[in-house]
Amino acid sequence: MSALDSSVETFGQRAEDLVTVLKTVLLGQDEVITQSVTGLFAGGHLLLEGVPGLGKTRLVRALANALELSYSRIQFTPDLMPADITGTMILREDDSGRRVFAFRQGPIFGNLVLADEINRATPKTQSALLEAMQEGTVTAGGETRALPAPFFVLATQNPLEMEGTYPLPEAQLDRFLLKVLVPYPAHEVLRDIGRQQGDELPSVPLVMDGDQIAAMAAVAGQVPVATPVIDYAIALVLATRPETTDVAEVKRYVRAGASPRGLQALVGTSRVRALLNGRYNVSIDDIRAMARPALRHRLILSFEGQSEGVSADAVLDTLLDAVPAP
Amino acid sequence: MTDGFDVAHALAPLRRAMTVRRLARWTVVGAGAGALAAAIVLAALRTHGVTPAAPILIFAAAPVITAMLAVVLRPSLAAAARRADAYFGLHDRLTTALEFRTSSEPMVVLQRRQTAEAIAGRQLRSGAGPWIVPRELVAAILAVAVACALFAAPTPPTSHASPASAAELARIRHLASEQIPAMTRTLPRSNARAMRQARHVLARLRRQLRRVRTKAQALRAISLAQQQLAQIAATLKPVDRSSASTLARTLSHYIPEHRGAANLRAARALSTIAKHLNRAKSSQKARMARDLLKAANATRDARTRSLLHKAASALGHGDKQRAQSALQKAAHRLRSGSTSRKARSGLAKTQKSLEAAKYNLTPSRNGKLSGASLGNEKTKYSHERPNSAAPGRKSAGNRRVISRNGPASALNGKRNLAESGQPSDSGGYSLGQQHDAAGNGKPRRFGVVYLQGKLGKGTYNVQEGPSGQVQRQGAARYQHVVASYARTADEAVSRASLPPAIRSYVRRYFVVLTHP
């Protein structure tokens, strides 16, 4: 058995273990858990959107506990400053008693960063995350510092409360690999939740560490993608753009479509999904399954779309029906 | 194939099966499409009363073509892989394995191994799809049935012509089997190209006459052949004798002897000039150019004049080759003058024979084929003595009425027939009717329509008025008048720069007038 054989085998086992652990913490949100794990193994940042009380923060905390990663939480508020996130230079005395400026790391210096209610911070503060999310570095005091690897930002936002919120700019949204919608749990799930005692996070076993996550991401990157499959992904991405699409709904309701980064996200997460399903190649089904979480936050709706209450998911559903599979 | 699994080899049976199915399916579709196209063509052509071979050819060729296309455009291995993936739910494993079959990347090797496991024990060829789609098969069968029905159904007679009687058919078949071959044999051997075209026209006419079922169709086919022969004749324009004589006179100092036909002498003179051009000095060339210009201006033949002008101009510019070429052409034209005249004469004879054949197919007054020549028809009609005038005319007492249909009624024969309630058996162009002498109400038919005109050399009618005076009235046969108009129109449209569609429209108009 080659090294890759064992890596692939352990990939499936560990992923399954992680999903099982998370399912014990967050009941009835299997799809959310799967998509979150997929995004994690694809090496991207996640944006979780859902009304309060659905367990978004609980999921992120459980994930941090299961992965043996340094975890930090930033509660975004309107008065939060960029330095509160990235860190700042402070004056302090060294061993010889001289006063020197030293950099004090902000909460972003962690492996797993929970940006809770990210849309409550001002755009200035939100943009403090841009460099960190894209480059994995922070520049402060004229010096660029690398963030610890792996580095994941898991942000949450509330779609209902619009008062005192600042919608994320498009550039910021594009940095998130996936946008996962957290739905209300079903009736049977609510029954199980109601029977649970208290709100404490149960103890979560350690499933893997940061190095193993990086190794799994490297394995996922080797999954081959056939030309017809990647062509289908490209067709989907092109169909999200009003200027290149034939879909009437897109022309009418979408102002700007997905970028090449969206295509990378779509194919990358499809690779992970294929491995999670025990396959060593990406299929059309993987692309179709990952199209919504990978592209929904990359569609910028037009004024007409917003005024008519059209969701990006509705447009994507139309797209998936309209673009023929090879 | 680093791991012993050859995906292309595994897909080969499926590809073959897909090719065979495509062949079957496309052949059926081709047969249906061919049948449909043949039916449409057949239906369109049957309105003209002709049963051509084109629909049969379309019907036979379409499935062959589609079958060949199916083989040429056979499914690729990638298409086979995609079909197998879709049919067996393999999640694009075969497609990926095929594309990366030469790669030895560890993950690709794993993928290939997994693909081999996934298809182990499966008969990939079972995913080749249906042999024939029932909807397409039903459509093809329906199209073939329609086409066969149209093929099998007898050619309907045109609305204005009844089927030919046995005697008429015998006459038409005799024309096809005896007279037209005789006409073909009498065509001159000269001017091979034009005569080859003429023979081709006659051969086609012969084939058409073998198939026709009504007299109108036969007459129409003959008229069309006449038109084509006229077009062929129009291409033969020999230099007339006077032009040739003028040319020979003008260029006489280039010809040593003055015997023989003028056109041959002129041709010899031009050849001599062409031959001596290479050795001629400048002054000689200038003289030759002047002589050629004089000759060009002297001749009335436009084509020869143009060629001589061109030769003179080329000489003026020192272009010997162009001058020689023009001179040779002009000489050739002069030499071939006699052969063209013979060819035109031969074609004219054929035209006359065809014209006579047409008249032989027209009915006599008792409804039988007369076979009468043009000359004796007047005599026959001049002695009729009907008791009453034709419908639509005033009673003439004891007046002898020979020519009863005026020009309008002749030109509108169909309308008159409809009014008189009499069917036509003559191709519809000549019938009036008259009650017989016994007054028993039986209509008597007249075969020839005369048009009133001025007295001249042609046929005339004699009428005897109530007081016994004899009135002579100029008359010309409808056929002659319309044929003359048709010839004039044909020549006019041949000369004019008209689109072919308009040209054929005018010709069709006169064909209909001739055989309404």
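This is a predicted model: local features need pLDDT of at least 70, side-chain atom pairs count only at pLDDT 80 or more; totals for chains, interfaces and linings use all residues.
Start with the overall make-up of chain B. Its secondary structure comes to 20 helices and 5 strands. The chain has 516 residues, and 43% of them count as buried. Now look at how the chain folds back on itself. Take the contacts in chain B with a separation of 6 or more: 67% of them are between residues 24 or more positions apart. Chain B has an accessible surface of about 26,900 Å². Carbon and sulfur atoms hold 57% of that surface.

Next comes the meeting of the two chains. The size of an interface is often given as the accessible area lost when the parts come together. Here chain A and chain B bury about 1,500 Å² between them. Of this area, 63% lies on carbon and sulfur atoms. Chain A brings 22 residues to the contact, and chain B brings 15. In chain A, the residues that lose the most area to chain B are A:P224, A:Y280 and A:N281. Together these three account for 32% of what the chain A side buries.

Which helices of chain A each supply at least two residues to this side? They are α1 (3-25), α10 (227-239) and α13 (284-295). The side of chain A that touches chain B can also be sorted by class. It has 14 nonpolar residues, 5 polar residues and 3 charged residues. What about pairing across the interface? The rule finds 0 salt bridges between chain A and chain B. Polar contacts do occur there: 9 residue pairs, both partners at pLDDT 80 or more, are in polar contact.

Some points in the backbone deserve a stop. In chain A, a cis peptide bond joins A:A149 and A:P150, with omega at about -10°. A:P150 is found in the loop between β7 (143-146) and β8 (152-157). Another loop of chain A, between β5 (112-116) and α5 (123-126), holds A:E117. This residue is not glycine, yet its phi is positive, near 50°. A:E117 counts as partly exposed because its relative accessibility is 23%.

Chain B has a positive phi to show as well. B:D92 has phi near 60°, again in a residue other than glycine. B:D92 lies in the loop between α3 (77-88) and α4 (93-99) of chain B. Is B:D92 buried or exposed? B:D92 counts as buried, because its relative accessibility is 13% and the cut-off for buried is under 20%.

B:E355 sits in helix α15, which covers residues 337-361. At 14% relative accessibility, B:E355 counts as buried too. Leave aside its neighbours within four places in sequence. B:E355 is then in contact with B:Q226 and B:A483.

Side chains of opposite charge can pair when their charged atoms come close. A search of the whole structure finds 16 salt bridges over all chains. A:R252 counts as partly exposed at 43% relative accessibility. A:E304 is partly exposed as well, at 32%.

A:R252 also forms a salt bridge with A:E308, at 3.3 Å from N to O. A:E308 lies in the loop between α14 and α15 (312-322) of chain A, 56 residues from A:R252. A:E308 is partly exposed, with a relative accessibility of 41%.

Move on to A:D317 and A:R292. Their closest N and O atoms are 2.6 Å apart in a salt bridge. A:D317 lies in helix α15 and A:R292 in helix α13, so the pair ties together parts 25 residues apart in sequence. A:D317 is partly exposed at 31%, and A:R292 is partly exposed at 29%. Finally, A:D174, A:R261 and A:R298 are linked in a network of salt bridges.

Key
Residues are numbered from 1 along each chain as its sequence is written. Chains are lettered from A and ligands numbered from 1 in the order in which they are written. Side-chain values use heavy atoms; hydrogens and water are left out. Helices (H or I, at least four residues) and strands (E, at least two) are DSSP runs, numbered from the N terminus. Buried means under 20% relative accessible area, exposed over 50%, partly exposed in between (1.4 Å probe, protein chains only). Contact means heavy atoms within 4.5 Å. Accessible areas come from the Shrake-Rupley method with a 1.4 Å probe; for residues, only the protein chains shown count as cover. Buried area is the accessible area (1.4 Å probe) that two parts lose on being put together, summed over both. A salt bridge is a side-chain nitrogen of Lys or Arg within 4 Å of a carboxyl oxygen of Asp or Glu. A polar contact is a pair of N or O atoms within 3.5 Å; within protein, one must be able to donate a hydrogen and the other to accept it, and residues adjacent in sequence count only if both atoms are side-chain atoms. Ala, Val, Leu, Ile, Met, Phe, Trp, Tyr, Cys and Pro count as nonpolar, Asp, Glu, Lys and Arg as charged, and the others, Gly among them, as polar.
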